[in-house]
Amino acid sequence: MAVDLGAIGPTHPIQERNLLDQIMAKLREKEASGELKKAEQLARDRATESITSPKPVPNLRRVEAARTYYYDPSFVLDRNILDEKGGLMFPAGTKKNPLEVVSLSKHLLFFDARDPRQVARAKQLIDHYQGRVKPILVGGSYIDLMKTWKLRVYFDQEGTLVRRLGITGVPAIVSQEGNRLRIDEVRVQ
């Protein structure tokens, strides 16, 4: 229940301008000067650039010496997996390898399109494997490469795959050998 307690002390009219009115006035001023249009274009250009040439994966080097190693994608469940009725499907501690269920259908080829020698080597490898390769960039423009090669090209954004697979040098090609992945970091001539 509200009660009017009256005024305690002198009152004065509000002197400050309404914040929304100030913001709108500033926007109209920037629009009239053309500054708003420039800022919008700059934002559009930055967005386009980030889409066409994503941020390169950091801390990767060009391969100087060839190296081969293996990665076991097996994992152990840290909790029980239940079905929709609450029944136990897989108990915690179950070890599973995804390659027992699904095979790697193509080789994964990681390389940096900013390096023309890596691009040339990647093209050689794609030809060698008769197109059974999924090209994945760690730097450069995948869109430019798709236009040139007329082939779908992917990008390992934020380096999720190279980190998981332990890749430190590119180009690197990943293939399946039994229930593990073979990673060959390939030297560039």
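Two residues are said to be in contact when heavy atoms of each lie within 4.5 Å. The structure described here is a predicted model, in which local features need pLDDT of at least 70 and side-chain atom pairs count only at pLDDT 80 or more, while totals for chains, interfaces and linings use all residues. Residues are numbered from 1 along each chain as its sequence is written, and side-chain values use heavy atoms, with hydrogens and water left out.

The protein contains five helices and 12 strands; these are DSSP runs numbered from the N terminus, with helices being H or I runs of at least four residues and strands being E runs of at least two. The radius of gyration is 28 Å, well over the 16 Å that the globule rule gives for 189 residues, so the protein is more spread out than a compact globule. Here the radius is taken over C-alpha atoms, and the rule is 2.2 Å times the number of residues to the power 0.38. The C-alpha trace spans about 85 × 55 × 30 Å along its principal axes.

Of the 189 residues, 27% are buried. A residue is called buried under 20% relative accessible area, exposed over 50%, and partly exposed in between, with a 1.4 Å probe and protein chains only. The accessible surface of the protein is about 13700 Å², and carbon and sulfur atoms hold 54% of this surface. Accessible areas come from the Shrake-Rupley method with a 1.4 Å probe, and for residues only the protein chains shown count as cover. Among contacts with a separation of 6 or more, 62% are between residues 24 or more positions apart. There are 31 positive and 24 negative side chains, and the centres of the two sets are 7 Å apart. In this count Lys and Arg are positive and Asp and Glu negative, with His and the chain ends not counted; each charge is placed at NZ of Lys, CZ of Arg, CG of Asp or CD of Glu.

Strand 12 (residues 180-185) includes Glu185, and Asp184 lies in strand 12 as well. Glu185 counts as buried at 1% relative accessibility. A polar atom of the Glu185 side chain lies 3.0 Å from the backbone nitrogen of Thr168, and a polar atom of that side chain lies 3.3 Å from the backbone nitrogen of Gly169. Apart from residues up to four places away in sequence, Glu185 touches Arg61, Val63, Ala66, Arg67, Tyr69, Gly166, Ile167, Thr168, Gly169, Pro171 and Ala172. Asp184 is buried, with a relative accessible area of 13%. With residues up to four places away again set aside, Asp184 touches Arg67, Thr68, Pro171, Ala172 and Ile173. The side chains of Asp184 and Arg182 make a polar contact of 2.8 Å. A polar contact is a pair of N or O atoms within 3.5 Å; within protein, one must be able to donate a hydrogen and the other to accept it, and residues adjacent in sequence count only if both atoms are side-chain atoms.

Pro171, listed among the residues touched by Glu185, lies in the loop between strand 10 (169-170) and strand 11 (172-177). The peptide bond from Val170 to Pro171 is cis, with omega near 10 degrees.

Ser74 occupies the loop between strand 2 (67-71) and strand 3 (75-76) and is partly exposed at 24% relative accessibility. Its side chain forms a polar contact of 2.7 Å with the side chain of Asp72, and another of 3.3 Å with the side chain of Asn97. Beyond its neighbours within four places in sequence, Ser74 is in contact with Lys95, Lys96, Asn97 and Pro98.

Gln130 is exposed, at 66% relative accessibility. Lys150 is exposed, with a relative accessible area of 71%.

Gly159 lies in the loop between strand 9 and helix 5 (160-165). Gly159 is buried, with a relative accessible area of 0%. Gly159 and Leu137 are 22 residues apart in sequence, and their C-alpha atoms are 9.7 Å apart in space.
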